[in-house]
Amino acid sequence: MKKRLRRTALYIPGNDPSMIQNAGIFGSDSIVLDLEDAVSVDEKDSARLLVRNALKNINYGDTEVIVRINSLFTPFGKEDLEVIGRVHPDGIRLPKAESAQDIQEVDSFLSRIENEEGFEENSIKIMPSIESAIGLFNVFEIVRASNRVAVINFGAEDYTSDIGAERTKEGKELFDIRTRILLAARVVGIEVQDSVFAHAHDIEGLIRETKFIKQLGFDGKSVIHPAQIEPVHQVFTPTQEEINRAKRIILAIEEAKKRKSGVISLDGRMIDAPVVAKAHRILKYAQAAGVL
Amino acid sequence: MKDQIKIGQAGTLESSDVLVFVRFSPLQKGIKIELESPSEKCFGKIIIRKIEETLNLLGIKNIYIKAQDRGALDCTISARVETAVKRAQKSIGGKEE
């Protein structure tokens, strides 16, 4: 299966037909049709059917289509899964994931639906969101609970509220959760996405935060406005200098392999497997951005 | 109760949406659809056919529907009709218009 990039996941309110039908045109790598926070309690039934029909009828092309269901602790979560699972989204974003059991419950639910509908086994991914102290405490178990778990992310507002932290633009209070979910993700080899930058009109702030999370090792970020997509993609687009160096590294290692050697030196720096892996990652991002 | 009237509503009057009102009543025989749409001349028949198709899938044979369309896609029309019908089916009684 082609490995996709997940630089941006654009939230789309699940009860807004206009935004739902246009969701694929903004160029984000993924869209997240939201049945949770963006939908009032009175409209949960309506949004669920609207999103179901959209998934059945609208062609979103290469964009990854994710549905954020309501938490399983609410009266809506299971019905969301039952209805949405049957139209095969690429992924289910599970808010307020707190334990391995939460993931296993969704996993069994999806297995039954895949079986009943004749879908490929394990083809609907689970994307848990950590939003509480207990969720973060259990994050290693959460990512290991099912091989459907493909991406992990977190909800900064709920998390800071739960631990009693202030939510600032600077985001120092999020350092711990960012590094811990990143570590958990890498242990099992899945991807990790950052929370949203809530100030939709502060593009400079968004760029600063995106550079920081990229530096930490994140694969991408959730976004709440189409205007946030391009700046995030820009940050994840390698410079020409980085691309050239990556190409040279790959060329050099291929030459070395021919000579049966695993380690070489390029411009006086040792080139070994992790450096090569980074070079491949750079070229992958360059290709996605169309600059290769 | 035999003479119970049930009503339901779903959708909005926002662009690309449709506001659907439905009423089940013992006096209603067959399907009656009232449509109001800026594109009624071009798409009126298609919209009505979509509503009928949705009702058929839901097994509804007797109902009054008023749809105020704002340029909704077929899949939106179908979702709003289904929601309005299910809300009506869940409601206990309702006020007569």
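Reader: Is A:Arg68 buried or exposed, and at what relative accessible area?

Author: In this predicted model, the cut-off for buried is under 20% relative accessible area. A:Arg68 falls under that cut-off and is therefore buried, its relative accessible area being 9%.

Reader: How many residues apart in sequence are the parts tied together by A:Glu36 and A:Arg68?

Author: A:Glu36 and A:Arg68 form a salt bridge, with the closest N and O atoms 3.3 Å apart. A:Glu36 sits in the loop between E2 and helix H2 (44-57) of chain A, and A:Arg68 in strand E3, so the number of residues separating these parts in sequence is 32.

Reader: What is the relative accessibility of A:Glu36?

Author: Although A:Glu36 is in a loop, this residue counts as buried. Its relative accessibility is 6%.

Reader: Which residue forms a salt bridge with A:Asp219?

Author: The closest N and O atoms of the pair are 3.1 Å apart. A:Asp219 lies in the loop between helix H9 (203-216) and strand E8 (220-223) of chain A, and the partner in helix H8 (residues 175-188), so the pair ties together parts that are 33 residues apart in sequence.

Reader: Which residues are joined into one network by salt bridges that share partners?

Author: A:Arg68 forms salt bridges with A:Asp34 and with A:Glu36. Salt bridges that share partners join these residues with others, and the network consists of A:Asp34, A:Glu36, A:Asp37, A:Arg68, A:Lys96, A:Glu131 and A:Asp158.

Reader: How many salt bridges does a search of the whole structure find?

Author: Over all chains, the search finds 39.

Reader: Which side chain is joined to that of A:Asn153 by a polar contact?

Author: A:Asn153 lies in strand E6 (residues 151-154) of chain A and is buried at 1% relative accessible area. Residues that A:Asn153 touches include A:Arg93, A:Met127, A:Ile181 and A:Gln193. The polar contact is 3.0 Å, and the side chain is that of A:Ser129.

Conventions:
Residues numbered from 1 in each chain as written. Chains lettered and ligands numbered in written order. Predicted model: local features only at pLDDT ≥ 70, side-chain atom pairs only at ≥ 80, totals over all residues. Heavy atoms only, no water. Helix = DSSP H or I, 4+ residues; strand = E, 2+ residues; numbered from the N terminus. Buried < 20%, exposed > 50% of the residue type's maximum accessible area, 1.4 Å probe, protein only. Polar contact = N/O pair within 3.5 Å; in protein donor to acceptor, adjacent residues only side chain to side chain. Contact = heavy atoms within 4.5 Å. Salt bridge = Lys/Arg side-chain N within 4 Å of Asp/Glu carboxyl O. Lists of a residue's contacts leave out its neighbours within four places in sequence.
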